[in-house]
Amino acid sequence: MSNDVSWITPAEISHFKTTPSYDETHAYLQRLAAAAPDTIKLTRFGVSPEGRDLMLVVAASGGDFTPDAAHASGKQILMIQAGIHSGEIEGKDAGLMLLRDLSVGKKWPHLLDHTILVFLPIFNVDGHENTSPYNRINQNGPDSMGFRATAQNLNLNRDYLKVDAPEMRDWLAMYRTWLPDMFADIHTTNGSDYQYDLTWYTEDWGSLDPAVVAWQNTALKTRIFPNVEKHGHLLAQYLELKDHRDITKGIVNFGSGPRFSTGYVALQNRAALLVETHMLKSYEVRVRVTYDLIVAILEEFNAHPGELRKAVITADKNTLARASKPAPTFPIVYKTTDAPTKTSLKGVEFSQTHSDISNDVWTQYDPSKPRTMEIPFWRDLVAAKSVELPAAYIVPASWPQIAEKLAEHGLNVERISKPVTLDVERYRLDDPTWATAPFEGRLMVTSFAAHRERATVTYPVGSLIVRLDQRAANVAVHLLEPEAPDSLVHWGFFNAIFEQKESGDARVLEKLARDMLAKNPALKTEFDQKIATDKTFAANAEARLEFFYRRSPWFAQQKVGVYPVARLDARALAATSGAN
């Protein structure tokens, strides 16, 4: 490193007792970019609700500071994100140290020979400035840190698919222009005590293409992680405890999903790494292990230039080729397997005593007594729900808010220019239930019964065709398949379809019921059986009349529960060609 003490970072100056404010971070990066204009470029990719720039730093040896120049260079692109939960901020301070050492410090003169580094020092900038010593009760330093949520009290790391936060809209626009080969999101974990400085999670399941999974298994797990451990660190897979009171009962694969950063990046066919430093280690240890990890990734990219790029290109080609296959299946929901494997865990001694306060078990750890234990690991995920993919989806023009979501994700769509009548497959969603409290600003639909049906529907001008022969098709599927765990249906964007807008007067329904019973003996059998088996129904006069109304054409006309986004097979898609 340069002997110029003016480049010591604020965290280093405080001996890692504190972390710099937004303004101090911005000022340091401005100075660094001015001192090393051939290597460091400070820019922004948006503005927060409270008016702060969403900072973006590009480090490149050849002045390839724009997405177009970066892609034209042929170098691999690594994106490191810090401060999405701004109390978990060691990624920022590790990044400041590394950017200095890559430029004015001249510690790593060749580390950018085959890589362009894109660095987000603080994603949640407004939360970062909501600083307090009391924001992270589980965490060992720094003395004061930012808040988990944004100024709108949204957790950005639950927002990747629904995109409610302005910061996330800006992030998505930035991400799809850079489209990095690898993305790493830096966090600090909560949970138990153990010996590891850092735990990690890779998106080896779900939608991630086998070519990228193979790269992660080889590069990350057999080369990068061992190289980090050579610096005196211990690393392990993410430790999601099956029982928070007893680590010996095992760990489980938490399954991620597209609401999270790495789950979303995996849908985009890109390598994704979740980094969780251990909250009970000192802040200095957490910063240094993060620094050493990013250096190890850059060293891997230097030693094996183009290897990951080849894998992501293969993944993109595979996604496009899938669309030409007859009725390809696509898993949308995963679960852990019933049978665990065994894994060795470097933990610490702990005791369990009864608590009079909680009337539960009180677990206390003793970090002075390391203990290695063999524990069960419910590691593997299997598909719990798969769907046959259509050739395309069609979104009626009457749902412009859905068109807006598709645009935010950069999906290619075609807008029809004249009405078209199509034979489509659509979902009818019955028996919906909602959460009893809001989550991330939305009242989610927690369950429903989905049934497919054929229908002939006329779509007006402005309706959108979303083909699945596009690179980001997996994103479209998770948005529009209602049973996908983070679908727009589950997030409540379609709550209105479950509302009944017309009803019948009792005097009218009394006559309707008698007319229907006279014409349909089987209906009388069904009605009598329900009275006999459901006492609540039998005692409710309105429910008894509603039984008939819901089986009448008056109710069917309202299309309650009919999901407006339909699935097009190849034949229906071809029929739209004259309407585009």
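Student: What makes strand 12 and strand 13 antiparallel partners, and how many bridges join them?

Tutor: Strand 12 (residues 341-354) and strand 13 run antiparallel, joined by 14 bridges. Two strands pair if DSSP finds at least two bridges between them, so with 14 bridges these two count as paired. Strands themselves are DSSP runs of E, at least two residues, and helices are runs of H or I, at least four residues, both numbered from the N terminus.

A word on the source: this is a predicted model, in which local features need pLDDT of at least 70 and side-chain atom pairs count only at pLDDT 80 or more, while totals for chains, interfaces and linings use all residues. Residues are numbered from 1 along each chain as its sequence is written, and side-chain values use heavy atoms, with hydrogens and water left out.

Student: Which residues stand opposite each other in that pair?

Tutor: Thr343 stands opposite Ile375 in strand 13, and Gln352 faces Thr363 in strand 13. Strand 12 and strand 13 form a hairpin with six residues between them, and Asn359 in the turn has a positive phi of about 55 degrees.

Student: How do you know that strand 9 and strand 13 pair, and in which sense?

Tutor: Strand 9 (residues 251-252) and strand 13 (residues 361-378) share two bridges. The rule asks for at least two, so they pair, in the parallel sense. One of the residues involved is Ile251, whose bridge partner in strand 13 is Phe377.

Student: What is the order of the strands in this open sheet of four?

Tutor: The order is 8-9-13-12, and the pairing is mixed. The edge strands are strand 8 (240-241) and strand 12, as each pairs on one side only.

Student: Why do strand 1 and strand 7 stand at the edges of the sheet of eight strands?

Tutor: That open sheet has the order 1-2-4-3-5-10-6-7, with mixed pairing. Strand 1 (40-47) and strand 7 (235-237) each have a single partner strand, so one side of each has no neighbour in the sheet. From one strand to the next, the twist averages 25 degrees. Inside the sheet, strand 3 (residues 76-81) and strand 5 (residues 182-188) pair in the parallel sense over four bridges, with Ile80 opposite Ala184 in strand 5.

Student: Which strands does helix 4 lie across?

Tutor: Helix 4 (residues 90-102) lies across strand 1, strand 2 (53-59), strand 4 (115-120), strand 5 and strand 10 (271-277), running at about 140 degrees to strand 4. Helix 7 packs on the sheet too, touching strand 5, strand 6, strand 7 and strand 10, and its direction makes about 35 degrees with that of strand 10. Contact here means heavy atoms within 4.5 Å.

Student: Why are helix 4 and helix 9 called oblique?

Tutor: The axes of helix 4 and helix 9 (residues 283-303) come within 8 Å and cross at roughly 55 degrees. Angles run from 0 to 180 degrees between N-to-C directions, and axes are lines fitted to C-alpha atoms, for helices over the stretch in contact. Under 35 degrees counts as roughly parallel, over 145 as roughly antiparallel, 65 to 115 as roughly perpendicular and the rest as oblique. Roughly 55 degrees belongs to the rest, and therefore helix 4 and helix 9 are oblique to each other.

Student: What makes helix 7 roughly antiparallel to helix 10?

Tutor: Their axes come within 8 Å and cross at roughly 155 degrees, helix 10 being residues 307-322. That angle is over 145, which means helix 7 is roughly antiparallel to helix 10. The crossing is left-handed, a term for a near helix turned anticlockwise from the far one by less than a right angle (clockwise is right-handed).

Student: How do the residues of the contact of helix 7 with helix 10 divide?

Tutor: Ala211, Val212, Trp215 and Arg223 in helix 7 meet Glu307, Leu308, Ala311, Val312, Thr314 and Ala315 in helix 10. They divide into seven nonpolar, one polar and two charged. Ala, Val, Leu, Ile, Met, Phe, Trp, Tyr, Cys and Pro count as nonpolar, Asp, Glu, Lys and Arg as charged, and the others, Gly among them, as polar.

Student: Why is the pair of Trp200 and Phe225 called stacked?

Tutor: The structure holds 24 aromatic pairs. In this one, the rings are 4.7 Å centre to centre, with 25 degrees between the planes. Rings of Phe, Tyr and Trp (its six-membered ring) pair if their centres lie within 6.5 Å; planes under 30 degrees apart count as stacked, over 60 as edge-to-face and the rest as tilted.
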